[in-house]
Every structure is written in C-alpha cells, then in structure tokens.
Amino acid sequence: MHRRHRRSLQLTALAAGTVLLATACNAAAKKDDASASAGSSGTSFTLVTPDPVGQNEFLKLAVDGVEAAAKQHDGTQKVYQSSDTASQQQNVQAAVDAAPDVIVLVGFEFADIVAQQAEKNPKQQFLIIDACTTKTFANVSCAVFREHEGVYLAGAEAGLLSKSGKVGAVDVLDTPQFRRYSDPFAAGAKKVAAKTESSTRFVGGQSPFDDSARAKEQANTLLSKGYDHIMAAAAAGNYGVFEAAKAKGAFAYGVDVNQCTAAPGTVVDNVIKRTDVAVKDGIETVLDGTTGTTVSYGLKEGGISLTGLEDDVDSSQCVIADHKDVLTKVKALRDQIVSGELKVDDPAAG
C-alpha cells in the first residue's frame, strides 16, 4: 500500500536504530558508491527512500531491485535514506546533483518533489515506485500496483476458511484508493462462498495511519458481531487488529510484506507488493528508451502476490501454510485473473 501503510513495519526499526538524517545518508551513499564503482561501466542508479530502510522489508526489496540492476549493468548504485520531509527534499536534490542514469524513488511523498525537479532537469530520468506525478513528464516513469487483485485472493482464503461466514476489514479511510483493501476482500470471499457476509470499519480520527488503539477498537466491533476473518489495512494500526483477533481466537490478513511473524497463528496470509520487481523492471524500461509512462504491476507481472503463493510459505509462520487445499483453489483463481478470464473490480478506477 502507500508508504504510510508500511509505517507499521518501521516503528521497531526507528526505535531500535539511529534515524538517518540527510547529511549522514548522503555520506553513507557516497561510501556505497565508492565500494561499488570498481570495474563498472559507468551506468549508475540512485534510490531515495522516504524512511530509513532498517528492517522495513518493503524498502529492503527496493534496495534489492536497485542492486540487481547495478549488477546486471556492471554499474554502481547509491541509496539515500530519508527520515522526514526535509531530508526527502535534500536527498532528492543530492541525487539530482550526482546525475545518475536513473533516480528511483519509493512513495507518494516524492510526487511533488519529482515534478519540480523533472521540469528543471529534463535530461535526468526519474522512476517513481508506488505513486506518480499528477502531470505527465517525458523524463518521469512510474510503477504502480494492482493491490486489489491480491486482496481478492486473500478474501477467497477468508471465505474458504471462515467458520462464521462473516469476513470484514479494518481500513484506514473511506476513500476509493483505500477501499482497494476492503471491497475486493469481500468480493473474493463471496466468490468462493456466496452467502458470506461482509463489513468494513474505518480507523479515521486525527491520525488514521498511526492509531493502533482505534484500529483495535474497530476490529473488536467486527469481532463482537461474529466476524472471524479480518483484512488489516490500517497502517500502524495493523498490530492493533492482530491483537484484537488473537484475543478472540480469530484471524487476520497483513499487507505489503510478511506480517505473519508479528502474530503467528493469527495472521493467515499477506498481500505482498514486490517493489524489487517494479524497480528492476522499471530501470530496464527506462534504459531501453521507453520513458514517461506508467506501468501497472499485478499478479500477471509478479508485482503482487500472497505469502501463501511464494516458495517459502512453509517457513513463513502464516496460518495458510497449513491449508494446502485452500491454496490449491486460490492458485486456480490467480491463474484465472492472470489469463484475463476473471476480472477483479478496482474501487479506485475512475
């Protein structure tokens, strides 16, 4: 989801490690560049993250994508890690000053910054992951995700596993973009169990992306009405949803990366967003001369998946690993979506 949805994965890292300010990040990046430049052909890539990478698996995948591109082209890569709005702006400026072949940025926070820089630096190529500029620029390429396809499959798992016949979602806000994490969940459940009841609760409030207490409260409202499988799309509040589900012996679903490790036995599966695929493929597209376009990554392109569909599912600590029969049915649905036989409605589609 959007980066704020990933903040749930960053809190521990931020508390345990040093927050990297722009100056420190740039110094680290220069060191990385020096170590990577030996024998390179001169092709260079710079990644700018909206937060420190730390143990944030979502951002670590982006780093993997840039490193893979640099290795493939015998080139160099830098990673500028930001910590706040000021360092995001400073790191983008530092990246532009270094003039690499492609500057890769992850998150909606960079859309406005890149729009300004793209206009001032028409020869510099930018690649934004998980967002895009409002205006189209010839030197700005974008990679976005069809999250709703993965959410639909998670919903199918819930429909097949639910004992009460009631599945719900705790969503950040009641907007079309965030409903990508709730409406398809209900649709997937009803696809495999037509009589399934569904309901969505929204966190809202002063800080909807960082309010675990309110998210837990919304989850408890659903649980009290018999909902036993809940899609957690509440950003930092996901842990509140997991706590509520665990206390009631119910189940939940995570997003972006494997969140089963946060609540083994409670989290069934996760809608995975493969930023490494989007980064590596996006860089290749730019280098091939196709720029200024937006590419959508879903199940077909390998940009969206479920932990249950990955090779390492047996070591994932996800509940779904114990339900191979369910995974067989979900794989069949995935294949139908990939082939185009089954179309998943996108709540955010204009």
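**Rings and a covered helix**

Okay, let's start with a lysine: the charged end of lysine 166 sits over the ring of tyrosine 227, 5.7 Å from its centre. By "over" I mean NZ of Lys or CZ of Arg within 6 Å of the ring centre and within 35 degrees of the ring normal.

Quick housekeeping. This is a predicted model, where local features need pLDDT of at least 70, side-chain atom pairs count only at pLDDT 80 or more, and totals for chains, interfaces and linings use all residues. Residues are numbered from 1 along each chain as its sequence is written, and side-chain values use heavy atoms, with hydrogens and water left out.

So, how many aromatic pairs does the structure hold? Four. Rings of Phe, Tyr and Trp (its six-membered ring) pair if their centres lie within 6.5 Å; planes under 30 degrees apart are stacked, over 60 edge-to-face, the rest tilted.

Take phenylalanine 145 and tyrosine 297: their centres are 6.2 Å apart and their planes at 45°, so that pair is tilted. Phenylalanine 145 is in strand 5 and tyrosine 297 in strand 11, so the pair ties together parts 152 residues apart in sequence. Strands here are DSSP E runs of at least two residues, helices H or I runs of at least four, numbered from the N terminus. Both residues are buried, meaning under 20% relative accessible area with a 1.4 Å probe, protein chains only.

Next, phenylalanine 185 and tyrosine 253: with centres 5.3 Å apart and planes at 65°, the pair is edge-to-face.

Helix 8 has other buried residues, including Pro184 and Gly188.

Note on methods
Buried means under 20% relative accessible area, exposed over 50%, partly exposed in between (1.4 Å probe, protein chains only).
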